[in-house]
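The entries below follow the order in which I looked.

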Amino acid sequence: MLLTKKEKSFDLLSPSFTKRLLFFLGVDFILFFVSLHFAYSLRFDFNIPIEHMSKFYSVFFTLVLLKWGSFYLFGIYHMTWRFFGLHDAKQLFFAHILVVIAFFVLYLLSTPLFIPMPRSVIGIDMVLSLALVGALRLSKRLTMESSKSDTHKPTLIVGISANTANLIKSMVESDSSNDYYPIGIIAIQEKNHNMISSTIQNIKISGTTEIPFLIDSKQISAAIIDGSLPSEYLQLAYKLLSNSGITDIKRSTLLSDGKESITSLSVEELLARHPKDLDTQTVENFIEGKNVLITGAGGSIGSEIALQCYRFGAKNLILIDHSEYNLYQIGEKIPSAFLHLCNIIDKQRLNEIIQNGSPDIVIHAAAYKHVPLCEANIQTAIMNNVIGSRNVIDSAIEHNVAKIVIISTDKAVRPTNVMGTTKRIVELYAQNVDPRNSEIVAVRFGNVLGSSGSVIPKFKSQIETGGPITLTHP
């Protein structure tokens, strides 16, 4: 394939390892000369005797070959210029140490080749060479960081954790797709207040009272909240930033490969009610080694229950859902689960699944829960939520399932709609049916933020499209 003159020119300018290697070999050669000549000058107070200069080039070319070889051995020529950091600086230091040792071995073996030569010159040259070569490697990173600080959004980092340094590093070193540049760090947790006025990656740590001052003095327009902060501090951080006029608020998330990701802060995270003092040992004792059957296992609540049962060591998971796609999704997350595409209205099929699976626990999460749809489809809602639930309870009792857990709703409290009424009927049935060898309990869930029945995604969508927000109560 023939290249045009323009394409050839572009190809010559495009970066590659070979071009970078040749560039550094050439520039380093110049720096080695400068450092050694300056070392001689310092040693002799800038008046180098002629007899010493007679062996200068023997020393110089020996050092050049040793440095090139040592640098290659320590990977100095494989380093990415823009990411030069502490580890690379250490490698550069060790490479120079090896050069000094190797040179003095050669000096002892071939002394006449280097005499006259003051040995202190080699020590001075090592310091100068380390400084010059290190400065060259660091120059591009400093130039890029300086450029980025001028073109990207000045950003506050709120919260301190073990990953704060990594977050700052990723913000500073990432490409232009990252719009944020760290200006300050806020210690929001009391345990970190002793770090105020110190620095991380050369960025000063301040207290929450300094947020308004920093925003005004540094023209800060964005903030990133540490994703590992507890819920109460996450909410406090959001409130402080919002009150100070910051609207571009993100959170950092630690990825599986150890890198930090900057993502949007969700409404669920700000409103979430996190469980406290959860007795995981009791939950594990209840689930571990048991056969657990879950209806509605592909739904937002059922799938989370399935994942938690898997986490707590259920012997077998028998998952039922009438949505093929939802069942497929949870099956991908739990490959060992037994998947059954079944509608709970089909009592005969339900009986077969329970009989063959022999569950120790049945968790019934299948239900229609969207209030307006249940209002518009009353007969279908009753069939699924009432008749279907009765089928699950009756089949479980018939096959002597030890524990039956009914997932109900807070809308069953003095119900004012069809959905709440159907769930209340199921509660009453569960309380009054003859349980025989089974124990039946009903658990009322409140508004589960982020679930498929939550209003939050709907409100968020309405806000993003400019409104209006549809509310059904004054």
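**Entry 1, ground rules.** I am working with a predicted model, in which local features need pLDDT of at least 70 and side-chain atom pairs count only at pLDDT 80 or more, while totals for chains, interfaces and linings use all residues. Residues are numbered from 1 along each chain as its sequence is written, and side-chain values use heavy atoms, with hydrogens and water left out. I take helices (H or I, at least four residues) and strands (E, at least two) as DSSP runs numbered from the N terminus. Axes are lines fitted to C-alpha atoms, for helices over the stretch in contact, and angles run from 0 to 180 degrees between N-to-C directions.

I looked up helix 2 (residues 17–43) against helix 4 and found an angle of about 135°, with the axes 10 Å apart. The two are therefore oblique to each other (under 35 degrees counts as roughly parallel, over 145 as roughly antiparallel, 65 to 115 as roughly perpendicular and the rest as oblique). Their contact (heavy atoms within 4.5 Å) includes F29, F32 and F33 of helix 2 and F60, F61 and W68 of helix 4. By class, I note 15 nonpolar, two polar and two charged residues in the contact of helix 2 with helix 4 (Ala, Val, Leu, Ile, Met, Phe, Trp, Tyr, Cys and Pro count as nonpolar, Asp, Glu, Lys and Arg as charged, and the others, Gly among them, as polar).

Helix 4 (residues 56–73) packs with helix 5 (residues 86–109) at about 135°, their axes lying 9 Å apart, which makes helix 4 oblique to helix 5. Among the residues that meet are L63, L66 and S70 in helix 4 and V99, A102 and L106 in helix 5. I note twelve nonpolar, three polar and one charged residues in the contact of helix 4 with helix 5.

I traced an open sheet of six strands in the order 10-9-8-11-12-13, with parallel pairing (two strands pair if DSSP finds at least two bridges between them). Strand 10 (338–341) and strand 13 (439–445) stand at the edges with a single partner strand each, so one side of each is left without a neighbour in the sheet. From one strand to the next the twist averages 15°. Strand 9 (residues 316–321) is joined to strand 10 by four bridges, and I320 stands opposite H340 in strand 10. Helix 15 (residues 347–357) packs on the sheet, touching strand 8 (291–295), strand 9 and strand 10, and its direction makes about 175° with that of strand 9. Helix 18 (residues 418–432) also packs on the sheet, touching strand 12 (403–409) and strand 13, at about 155° to the direction of strand 12.

Helix 17 (residues 378–398) has 21 residues and reaches 29 Å from its first C-alpha to its last, close to the 30 Å expected at 1.5 Å a residue (the expected span is 1.5 Å times one less than the number of residues). Just after helix 17, N400 takes a positive phi of about 60°. Helix 17 and helix 18 pack at about 20° with their axes 10 Å apart, which makes helix 17 roughly parallel to helix 18. Among the residues that meet are I382, V386 and I393 in helix 17 and T422, V426 and Y429 in helix 18.
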